[in-house]
Amino acid sequence: MTVIEPGRLFRDQDGRPVQLHGAGVLFIDGRFWAWGEDKRSGGTFSAIACYSSPDLAGWRYEGDALSAGTGDLAPGRVVERPKVLRHPASGRYVMYLHIDSADYADARVGFAVGDHPAGPYEYRGSVRPLGRLSRDIGVHAEGDAGYLLSEDRDHGLHLYRLTDDWLGVDSLVSTTLADHGRHGYESPALVHAGGLYYLFGSDLTGWATNDNRYATAPALAGPWSPWRLFAPEGSATYDSQISAIVTVHGTERTSHVYLGDRWLPDRLADSPPVWLPLHIGGGRARLEWHDRWSVDPRTGSITSHHAPHRAHQEEST
Ligand code: GAL
């Protein structure tokens, strides 16, 4: 049995630490596909790595979806938070990226397309959406409509509708400010559950973690509720920063999995994932700590596992 141990790095089929920093995940034909920042050369770009898994716990390295090159992808630049959507009309995979200079002054969003989840992806360039700053990103899809979440320090966290080919930004849907009102949240993720939208984000504290928050709205255009905590106050979201949320549509239940990063600024490649069950419903979200746990991709059920020496006493929640 492969389990998820929050705060510990996954190992790939060759025993190497999995590089799924700032990860994005899609469920495609019975398998989870994930893309992450390969941080083995530190904070600047070397590659976007691709992995696949049957259960979000055991990972197979599938190759680099995008490698360092020239221009936006030159070594020494910043390429973060790969998020992939499958464009329904073309069936192609579109990858969204935070594209930046090493001093984070460029603040752009980049686009790449591929015919297979693992790529290779063809890089299509970057933009400042509707002329605005764009650093941390998230994505959301609903039928033919694709959306980009993008943090703009000058104005807040924007939700944009993408163009029909999902390779550009069409229009602004809504903008939210953090509860302290100084700017918007970053590292955004959006979930639609039970007729409500849940928008998650982190405060702007760089590699340091903070108490992440969420807001809800009946429609993407809002109105958005006040921001609330979803992990114990002062725990800094169990010492992690949200990156994405995976929805597991099982035969018995729909489960949500929070993907977070516990950044180690001096050893970024060793930053462990903090992935946990996220309970969402009735307008509330709550992150639940488990030392060792698993999600059944078929039924959607979550199982908590005791420490290894008591592994025979498994317990279902
Ligand atoms: C954070 C951001 C990370 C990374 C980091 C660099 O605010 O969420 O993705 O860019 O800053 O300091």
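The legends below describe close-up views of a predicted model. Local features are given only at pLDDT of at least 70 and side-chain atom pairs only at pLDDT 80 or more, whereas totals for chains, interfaces and linings use all residues. Residues are numbered from 1 along each chain as its sequence is written, and side-chain values use heavy atoms, with hydrogens and water left out.

**View 1. Residues around the ligand.** The shell consists of Glu 80, Arg 81, Tyr 104, Asp 136, Glu 186, Gly 206, Trp 207 and Gln 241, a residue being included if one of its heavy atoms lies within 4 Å of the ligand. By class, the shell holds four charged, two polar and two nonpolar residues; Asp, Glu, Lys and Arg count as charged, Ala, Val, Leu, Ile, Met, Phe, Trp, Tyr, Cys and Pro as nonpolar, and the others, Gly among them, as polar.

View 2. Polar contacts are pairs of N or O atoms within 3.5 Å. In the side chain of Asp 136, an N or O atom is 2.6 Å from an oxygen atom of the ligand. Arg 81 places a polar side-chain atom 3.0 Å from a ligand oxygen atom, and a polar side-chain atom of Gln 241 also lies 3.0 Å from an oxygen atom of the ligand. Of the 310 Å² of accessible area that the ligand has on its own, the protein covers 88% (Shrake-Rupley method, 1.4 Å probe).

View 3. Rings of Phe, Tyr and Trp (its six-membered ring) pair if their centres lie within 6.5 Å, and planes under 30 degrees apart count as stacked, over 60 as edge-to-face and the rest as tilted. The count comes to 14 aromatic pairs. One of them, Phe 200 with Tyr 214, is stacked, at 5.7 Å centre to centre and 25 degrees between the planes. Because Phe 200 lies in strand β14 (residues 196–202) and Tyr 214 in strand β15 (residues 213–217), the pair ties together parts that are 14 residues apart in sequence. Strands are DSSP runs of E with at least two residues, numbered from the N terminus.

**View 4. Backbone geometry in loops.** Most peptide bonds are trans, and most residues other than glycine have a negative phi. The bond from Gly 119 to Pro 120 is cis, with omega near 5 degrees; Pro 120 is in the loop between β7 (108–114) and β8 (122–127). Ala 107, in the loop between β6 (93–100) and β7, has a positive phi near 50 degrees.

How values were computed
Polar contact = N/O pair within 3.5 Å; in protein donor to acceptor, adjacent residues only side chain to side chain. Helix = DSSP H or I, 4+ residues; strand = E, 2+ residues; numbered from the N terminus.
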